[in-house]
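This report describes how the parts of a two-chain model are put together. It takes the interfaces, the domains, the salt bridges and the pockets in turn.

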Amino acid sequence: MKRLLLSIVAAAAVLVLMNWVYARWFYRADLLTHSDIVEASWQAATDSLELVYLGESSNKTYGYTDTDQRKISEMVAERLPEMRCGDITKEASHAEVYYYLLKNIPKDNDIKTVVVTMNLRSFGANWIYSSLETALQKKLVMIKGYPPLMGRALLAFKAYPIRTKDEWGRLARRSWEKTPLVFPYDFPYKTTADWNRAVAYEGVKDSLGQRDQALTELTAHFIKNYGFQIHDDNPRVRDFDRIVKLAKQRGWRLAFNIMAENTDRAQELVGDDLVFLMRQNVTYLKHRYEAMGVVVIDNLEAVRDRDFIDREWPTEHYYQTGRQTIARNVAEAIKKGDAMK
Amino acid sequence: MVFNSIEYLIFLPLVVLLYYLIPHRYRWFMLLAASCLFYMWFVPKYILILLVTIVIDYSAGLLMERDADSPKKKKTWMVISVVSTLSVLFVFKYLGFVNDNFVKLCQSLGLNVRTSVNLILPIGLSFHTFQSMSYVIEVYRGHQKAERHFGYYALYVMFFPQLVTGPIERPGNLLRQLHEEKRFDGHNLVRGLRLILFGFFIKMVVADNLGACVDAVYEHPEQYNAWSVWLAMVFYSFQIYGDFFGYSTIALGSALLMGYEISDNFRSPYLSKNIGEFWHRWHISLSTWFRDYVYIPMGGSRVKFGRWAYNIMVVFVLSGLWHGANWTFLLWGFAHGLLHILEKVLYKAAGTAEDGRHRFRWCFQLLGMARTFLLVTLFWVFFRATDIGHIKTIFTAAFTQFGEGQPLAVDPKLWAFLALFIVSDFVLKDRRFDRWCDHVPVVLRWLLYAVLVFCTIVFSSVNNFPFIYFQF
């Protein structure tokens, strides 16, 4: 027994020593290799930023015809000259990624305000079970706050969901099958899957009354991306809640920037029912987070169809007019908002 | 569940703890449930296929014992069982291949045939099918009593450490041990942990890092110069060895934690002086399976040369096909068989200085090792390539692209790990790591553990390289 105890103590001492060696000589290089997104968090402190804008591709995507190709965050900065503004932008990010990016901002920083992109689609199964999640989750493993050696061990032993595109797709389909849609009026479909099947079966007709396959597929994409209802158990809601908690701990003013969605196109392709769900979800988010003291900027219908770049897939990529509108709304909200302190 | 996953690191200690906490008479159930969970972690529904095989072979065992006095009936049960088990294997593994070739043949004859078979191969099907068949054959031969307890038989087929990629166990070894009451033994626990640690290092640090280089070249051989293609071929030899040896070592260690000794699958195969010896050292549980159930029943070596050569070719071609339903595997098996026969002919004609009392015996032995390694490496190209065209592309690049194409960038650390792996093979020759450690002074041993743990955590590949033999 004495020998066993000695062995355990010796093993623990060796582990502590190994952790020190790793943290001293290998950790930083590993972070920059395997979790390179964290560099932006460090930079936010180094640059003494006062306002940090966290975004995904919507922040930096521009149209080729745009004369102003700046990011939304840069447009916000222009409108807030009194603050040192910067951004942390990572494609396909969502609230969980933002949480860990914020958590990794060094404690010694000048940040006063944090604007976090709130993308409506990111609450839906199509994004939650996106095939990009494997790569994203892998990048998060080492920045989750474990001791350095443990973080690397978790990465070595693949402590993140490794799924193929098909497997992710199956999870999304299961969610669409299982999650009921509840409308305050009669609605013919019980789930997103039912709704999607009906559209795929009936098809969308062109002006000649013929089935337009491309339009049918786009309609299905809209249903799959927006045809859901956000509840308290939504993983993104939990992540945004964690962001609120973190901001309170760090003393940051917090603003959630609900991105504009192409409600014109949703109305045209699917109709009132889908737009109803989109509005209902935004209302839920506004009520929930305003009650927590967060400034919630509602841009849902701020950008019109002509200002959306992508025509064959629902995205939040806007031409310069759209980006300027979002930036204006964010800047105004920051100026007047009594964001959570 | 894969061994090099966080899930397994949680699963294994829990199973071992439960194993020693519960009385012997309930352990079979706990281990069976754990094995089911382990297997269902991949694709749950495939456990039904496993169940079908288990029920067939379990019943066949009992029926053969019941009809022991009637050789004809006994043989009928054995044939029914083997054919049924092989049918399952055929449907999931070979039907698609046969269908594709049939369609191609019909199309070349101008017939318009369009059929397709798209079945996903259940993980480890070839392994547990062969393990199950070995039980039936052993019962038929009278070497093994039929197992009456369905749970123990199911556990014999499904024992999680060796369920998905072997070693392919015999009932005489594993089934017997499953009935034994294992008491906690600290030394077994330490030995098991040593094996698991060593297996992790070989798989995650050596094999997976080599895999990244190999994949880069095999995906675009036309972009690399000939030396890089050769390097990738050599790296693949060590990748597949490290990958499979690593898995087998973790399997051995996991079983040993609960006191079970399962068979060694490797004994420094690249130190073999000829291809015959290589097959005594590489994937031993499969080689001996083919030896005992195919080669010897066909007459083995106690026949005329022509018949012997035929027997060898059958065994190697079957071994190739066992690995995968593709012409590349068939070619790989054929090449090994042919080389085996050629070596026998040449040795017979010229004799060999490798094993005799020649003054420069060591020199010949070294040359023999180098020659065998080179040939095995060349044959691994058949194994790694996706199709015959790919084999051609690799060899064309290896023999023609001198002075053109980019060099393969290799991390200096990788050379160090590879060197360590090769040295360990020399040091451990014919010995197992856990037993070798017993003779290392305690301070050095702890230092070795620390280095292995540190390297496994810090230098393991972060990319996901599934165990190569999972696909079989």
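## Contact between the chains

Contact here means heavy atoms within 4.5 Å. By that criterion, 22 residues of chain A meet 19 residues of chain B. The model is a predicted one.

Together the two chains bury about 1,800 Å², and carbon and sulfur atoms account for 74% of this area. The number of salt bridges between chain B and chain A is zero.

## Domains of chain A

Chain A is assigned two domains: domain 1 comprises 1-34 + 134-164, and domain 2 comprises 35-124 + 180-336. Taken over C-alpha atoms, the centres of these domains of chain A are 34 Å apart. Their contact involves 13 residues of domain 1 and 16 residues of domain 2.

The area buried between the two domains of chain A is about 1,300 Å², with 64% on carbon and sulfur atoms. On the domain 1 side, the residues that lose the most area to domain 2 are A:Leu136, A:Lys139 and A:Ile143, which together make up 45% of what that side buries. One salt bridge is found across this interface of chain A. A:Lys139 also forms a salt bridge with A:Asp36, in which the closest N and O atoms are 2.8 Å apart.

## Domains of chain B

In chain B, the assignment gives domain 1 as 6-183 and domain 2 as 188-273 + 354-471. The centres of the two domains of chain B, taken over C-alpha atoms, are separated by 29 Å. In this chain, 28 residues of domain 1 are in contact with 21 residues of domain 2.

Domain 1 and domain 2 of chain B bury about 2,000 Å² between them, 66% of which lies on carbon and sulfur atoms. B:Pro161, B:Thr165 and B:Pro167 are the residues of domain 1 that lose the most area to domain 2, together 26% of what that side buries. Zero salt bridges are found across this interface of chain B.

## Salt bridges in the whole structure

Over all chains, the search finds 44 salt bridges. One of them joins A:Glu50 and A:Arg84, with the closest N and O atoms 4.0 Å apart. A:Glu50 lies in the loop between helix H3 (38-46) and strand S1 (51-55) of chain A, and A:Arg84 in the loop between helix H5 (72-79) and strand S2 (85-89) of that chain, so the pair ties together parts that are 34 residues apart in sequence.

The largest pocket has a volume of about 2,000 Å³. Its lining holds 43 residues, and those nearest the centre are A:Ala11, B:Leu189, B:Leu193, B:Arg194 and B:Trp446. Two or more lining residues each come from helices H1 (2-25) and H9 (148-156) of chain A and from helices H1 (6-21), H8 (186-219) and H18 (442-458) of chain B. The largest share, ten residues, is given by H1(A). By class, the lining has 34 nonpolar, five polar and four charged residues.

The second largest pocket has a volume of about 1,500 Å³. It is lined by 34 residues, with A:Ile162, A:Glu167, B:Trp41, B:Phe42 and B:Val43 nearest its centre. Helix H10 (165-178) of chain A and helix H2 (24-40) of chain B each supply at least two residues of this lining, and H10(A) gives the most, with five residues. The lining of this second pocket divides into 21 nonpolar, five polar and eight charged residues.

Conventions
Residues are numbered from 1 along each chain as its sequence is written. Chains are lettered from A and ligands numbered from 1 in the order in which they are written. This is a predicted model: local features need pLDDT of at least 70, side-chain atom pairs count only at pLDDT 80 or more; totals for chains, interfaces and linings use all residues. Side-chain values use heavy atoms; hydrogens and water are left out. On a 1 Å grid over the protein atoms alone, a cavity is a set of points where a 1.4 Å probe fits but cannot get out, and a pocket is an open set with protein on both sides within 12 Å along at least five of seven lines; lining residues have an atom within 4 Å of a point. Grid points are joined across faces, edges and corners, and a volume is the space filled by probe spheres set on the points. Helices (H or I, at least four residues) and strands (E, at least two) are DSSP runs, numbered from the N terminus. Ala, Val, Leu, Ile, Met, Phe, Trp, Tyr, Cys and Pro count as nonpolar, Asp, Glu, Lys and Arg as charged, and the others, Gly among them, as polar. Domain bounds come from an automatic or database domain assignment. Buried area is the accessible area (1.4 Å probe) that two parts lose on being put together, summed over both. A salt bridge is a side-chain nitrogen of Lys or Arg within 4 Å of a carboxyl oxygen of Asp or Glu.
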